[in-house]
Amino acid sequence: MKVSFAKPGLPAKGALVVGVYEGKKLTASATELDRKTKGAITRAISGSRFAGKAKQVLSILAPAGTEANRVVLIGLGKAKGETKPVDFEAMGGALVGELATSGAREAAVAFDLAGEEGGIAAAHFALGAKLRSYRFDKYRTKEKPEDKPTLQRIAIHVEANRTAQRHYADLEQVAEAVFFARDLVSEAGNVMYPKSLADQCRTLGDLGVKVEVLGVKEMTKLGMGALLGVGQGSAHESQLVVMQWQGDPRSKEKPLAFLGKGVTFDTGGISLKPSAGMEDMKWDMGGSAAVIGLMRALAGRKAKANVVGIVGLVENMPDGNAQRPGDVVKSMSGQTIEVNNTDAEGRLVLADALWYCQDRFKPRFMIDLATLTGAIVIALGHEFAGAFVTDDELADRLIDSGKATSEGVWRMPLAESYARGMDSDIADMKNSGSRDGGSCKAAMFMKRFTNDVPWAHLDIAGMAWSAKGNAVTPKGATAYGVRLLDHLVRAYYEPK
Ligand code: BES
Ligand code: MN
Ligand code: ZN
């Protein structure tokens with residue numbers, strides 16, 4: 001689906017979209033169209049529950065007095081409220097939700113907000129529309145024509161259309177990156193394994209990202225026994241991918257680092273998961289997809305920042321060669337780990353990735369994303385990622401970025417006492433403790449591999465996949481983290 005911008009003034013045909021404020025107050029364009037259609041809009045509103053609340057949508061089919069086959073009313077919320085960019089994104093998404101499979105092919109939106117601010121708002125409306133239009137349908141060979149999406153183009157008519165266009169050029173790169181990440185997460189486990197995911201990382205080379213791939217040989221040399229132990233039962237070779245975007249080559253600052261858990265399928269290993277719902281574990285690489293998507297977004301919009309992305313890619317399988325519960329592995333940091341549960345594998349992967357990252361890049365901070373624990377889903381549901389952060393300023397910036405993108409972030413505690421639950425009788429630590437505070441224990445486990453570099457761990461187990469979807473996300477892979485971290489970099493770590 002394509003979104004474009006044009007001068008104010010609606011065409012005579014197709015689907016026409018106009019705004020209505022809360023309390024059924026028509027915008028100028030809505031008033032004009034209401035007059036043209038001899039009151040069809042006011043009549044339709046009076047016969048419905050549409051009141052102009054933000055994200056409400058009402059379609060009026062074939063009103064007289066215009067050649068338009070459909071008029072769509074979109075709720076704008078309070079006229080004098082503080083409608084933020086993220087609210088315009090939700091409105092754009094709601095519009096596509098209404099029209100995507102409605103039979104409408106093109107829609108023209110009268111975006112009545114004036115000035116530069118109106119242009120920027122229109123760009124965010126466009127982003128929300130684009131994000132909602134995502135589909136993963138490469139495996140559907142028998143979809144009925146009447147089930148396929150019809151909407152192909154949206155034109156947004158707005159005074160500051162050049163501002164909107166310029167602003168959207170960057171946001172469109174972010175949307176493309178979100179689509180890329182959603183594709184990676186949606187892909188089936190037999191197709192998406194460590195080497196094929198590493199190949200997807202390599203495609204970022206075209207955008208100027210430097211991509212290095214380490215295999216088992218290189219990781220063995222580095223002593224990454226924690227990561228390698230997880231993958232040793234798989235027929236697929238484990239990989240560690242290092243991506244570097246140098247958007248600000250003259251800067252003397254240390255780079256920003258993002259890391260992702262990339263378990264391309266998590267059976268649990270010998271500590272095998274129950275079969276019900278195990279298919280969900282194809283998206284146990286959602287953290288890595290977010291990091292790969294972020295690198296794509298930053299490179300796509302040529303962000304003025306130096307950023308490292310590292311993803312640990314493994315498949316966790318039960319096998320004659322798989323690691324056993326009770327095995328002891330030595331991590332790259334030198335610390336030894338008793339693997340008392342092979343299903344607590346994500347922290348083992350990130351332990352070596354984090355250590356490698358700080359050792360090689362001495363970054364300003366490290367932020368990891370991981371579908372790490374079922375416990376975080378119990379605690380926070382699907383509204384927020386759990387954020388374990390050693391640095392208050394970084395925590396505030398993440399929470400703020402979450403509000404700005406509607407990718408929620410909720411701060412969780414780090415405390416030494418959680419780590420005590422993972423003391424081992426035979427090694428420096430074990431990889432899993434009792435279930436209470438499971439997400440906090442996992443975080444404290446990984447903290448031991450950060451070497452005190454400022455660090456944030458985002459447990460995204462409840463966020464990587466959405467069974468229901470929301471205004472800007474169809475159900476399925478969300479690519480949670482791409483927009484959040486793109487915003488973080490843009491708002492706080494790039495020159496204005
Ligand atoms: N990938 C899972 C966590 C997960 C669960 C993600 C549900 C998304 C939805 C992770 O590797 C895992 O198995 N964690 C265990 C840890 C436990 C063994 C300490 C868990 O949460 O049960
Ligand atoms: Mn697991
Ligand atoms: Zn896992």
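A: Glu393 is partly exposed, with a relative accessible area of 48%. Accessible areas come from the Shrake-Rupley method with a 1.4 Å probe, and for residues only the protein chains shown count as cover. Glu393 sits in helix α12, residues 392–405. Helices (H or I, at least four residues) and strands (E, at least two) are DSSP runs, numbered from the N terminus. Between the C-alpha atoms of Glu393 and His167 there are 28 Å, and 226 residues separate the two along the chain.

A word on conventions. Residues are numbered from 1 along each chain as its sequence is written, while chains are lettered from A and ligands numbered from 1 in the order in which they are written. The model is predicted, with local features needing pLDDT of at least 70, side-chain atom pairs counting only at pLDDT 80 or more, and totals for chains, interfaces and linings using all residues; side-chain values use heavy atoms, without hydrogens and water.

Now the metal site. The manganese ion is ligand 2, and its protein donors are Asp266 (OD), Asp343 (O), Asp343 (OD) and Glu345 (OE). Donors are N, O and S atoms within 2.8 Å of the metal (3.2 Å for Na, K and Ca); water is not among the atoms, so sites may look incomplete. The six donor atoms of manganese make angles of 70 to 166°, and the site is irregular. What does that word exclude? Four donors are tetrahedral if all angles lie between 85 and 135 degrees; four are square planar and six octahedral if opposite donors are over 155 degrees apart and all others between 65 and 115; anything else is irregular. Along the sequence, the manganese donors follow the spacing D-x76-D-x1-E. The pair Asp266 and Glu345 links distant parts of the chain, 79 residues apart. Asp266 is in strand β10 (residues 256–266), and Glu345 is in the loop between β13 (336–339) and α10 (346–361). Both Asp266 and Glu345 are buried.

The zinc ion is ligand 3. Its protein donors are Lys261 (NZ), Asp266 (OD), Asp284 (OD) and Glu345 (OE), at 2.0 to 2.4 Å. This site is octahedral, with angles of 78 to 173° among six donor atoms. The donor spacing is K-x4-D-x17-D-x60-E. Here too a pair joins distant parts of the chain: Lys261 in strand β10 and Asp284 in the loop between β10 and α9, 23 residues apart. Lys261 is buried at 1% relative accessible area, and Asp284 is buried at 2%. The two ions are 3.2 Å apart, and Asp266 coordinates both.

Next comes ligand 1. It is surrounded by 16 residues, and the closest are Lys273, Asp284, Asp343, Glu345 and Gly374. A residue is near a molecule or strand if one of its heavy atoms lies within 4 Å of it. An N or O atom in the side chain of Lys261 is 3.2 Å from an oxygen atom of ligand 1. Asp266 places a polar side-chain atom 2.9 Å from an oxygen atom of this ligand. From Thr371, a polar backbone atom is 3.3 Å from a nitrogen atom of ligand 1. Alone, ligand 1 exposes 520 Å², and the protein buries 77% of that.

Ser288 lies in helix α9 (residues 286–300) and is buried, at 0% relative accessible area. Contact means heavy atoms within 4.5 Å. Beyond four places in sequence, Ser288 touches residues including Lys261, Gly260 and Val311.

Leu350 is in helix α10. Its relative accessibility is 0%, so Leu350 counts as buried. Among the residues it touches, beyond four places in sequence, are Lys261, Asp368 and Met446. Leu350 and Thr450 are 100 residues apart in sequence, yet 9.9 Å apart C-alpha to C-alpha.

His457 is in strand β18 (residues 455–459). His457 is buried too, at 0%. Its side chain makes a polar contact of 2.7 Å with the side chain of Asp368. A polar contact is a pair of N or O atoms within 3.5 Å; within protein, one must be able to donate a hydrogen and the other to accept it, and residues adjacent in sequence count only if both atoms are side-chain atoms.

Key. Buried means under 20% relative accessible area, exposed over 50%, partly exposed in between (1.4 Å probe, protein chains only).
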